[in-house]
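Please have a look at the chain below. My notes follow, on the strand pairing and then on the core.

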Amino acid sequence: MPTNGIINASLIQVRIGSEAVAECTNVDINLTAAEVDQTSKSSAGWKARRPGLLSGTVSIQGNLRFDTGSSEQGIADLWAAFNGRSTVALKVGTSVSGDKTVDGTAHITSLNISSGTEDNATIEASFKFTGAITQATNA
């Protein structure tokens, strides 16, 4: 049964394949449509536009762990995909049956580790979708 009402943000996760990225604290997804200019002399001085190419990005932030479980994606998995210039099957959403997800193939465009004094070491990763982005429903 899908989640009712406003969704608790803690339920939103990023999965690579079927495995959640470990220790995520924040997930951002940005879907955009480029603008194609259709302004002409007939538009009476008003700019005219139509949607063009569609694209999307996902950014995650989280706590850094080296000992992730076998059913989670950790820094070693993210590094392997980044270093190998591999695409990954990305799914953003809850794991609740009936909830919608945003799915697509993506590659990692940045991978950052931060470590302040007496603070949690953190990781940030950015993904860019390549090809079609779809909406699916969790089984």
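**Notes on the sheet and the core**

1. K91 stands opposite D103 in β7. Bear in mind that this is a predicted model.

2. β6 and β7 are antiparallel and share seven bridges. Six residues lie between the two strands of this hairpin, and G98 there has a positive phi near 95 degrees.

3. β7 also pairs with β8. The sense is again antiparallel, with eight bridges. One point to check on screen is N112, whose bridge partner in β8 is E124.

4. β9 covers residues 134–137 and runs antiparallel to β7, joined to β7 by four bridges. Here T101 has A136 of β9 as its bridge partner.

5. Now the core. Which residues have the most contacts inside the largest nonpolar core? They are V14, I16, V58, I60, L78, L90 and F127, in a set of 19 residues. At least two core residues come from each of β1 (13–16), β4 (49–63), α1 (75–83), β6 (87–93), β7 (100–114) and β8 (122–129). β8 gives the most, with four residues.

6. I16 deserves a look of its own. What does I16 contact, leaving aside neighbours within four places in sequence? The list is V21, Q73, L78, V88, A89, L90 and F127. Among these, L78, L90 and F127 are also named with I16 for the most contacts inside the core.

7. A last reminder for reading the strands. Side chains in a regular strand alternate between the two faces of the sheet.

Terms used
Residues are numbered from 1 along each chain as its sequence is written. This is a predicted model: local features need pLDDT of at least 70, side-chain atom pairs count only at pLDDT 80 or more; totals for chains, interfaces and linings use all residues. Side-chain values use heavy atoms; hydrogens and water are left out. A nonpolar core is a set of buried Ala, Val, Leu, Ile, Met, Phe, Trp, Tyr and Cys residues joined through side-chain atoms within 4.5 Å. Buried means under 20% relative accessible area, exposed over 50%, partly exposed in between (1.4 Å probe, protein chains only). Contact means heavy atoms within 4.5 Å. Two strands pair if DSSP finds at least two bridges between them.
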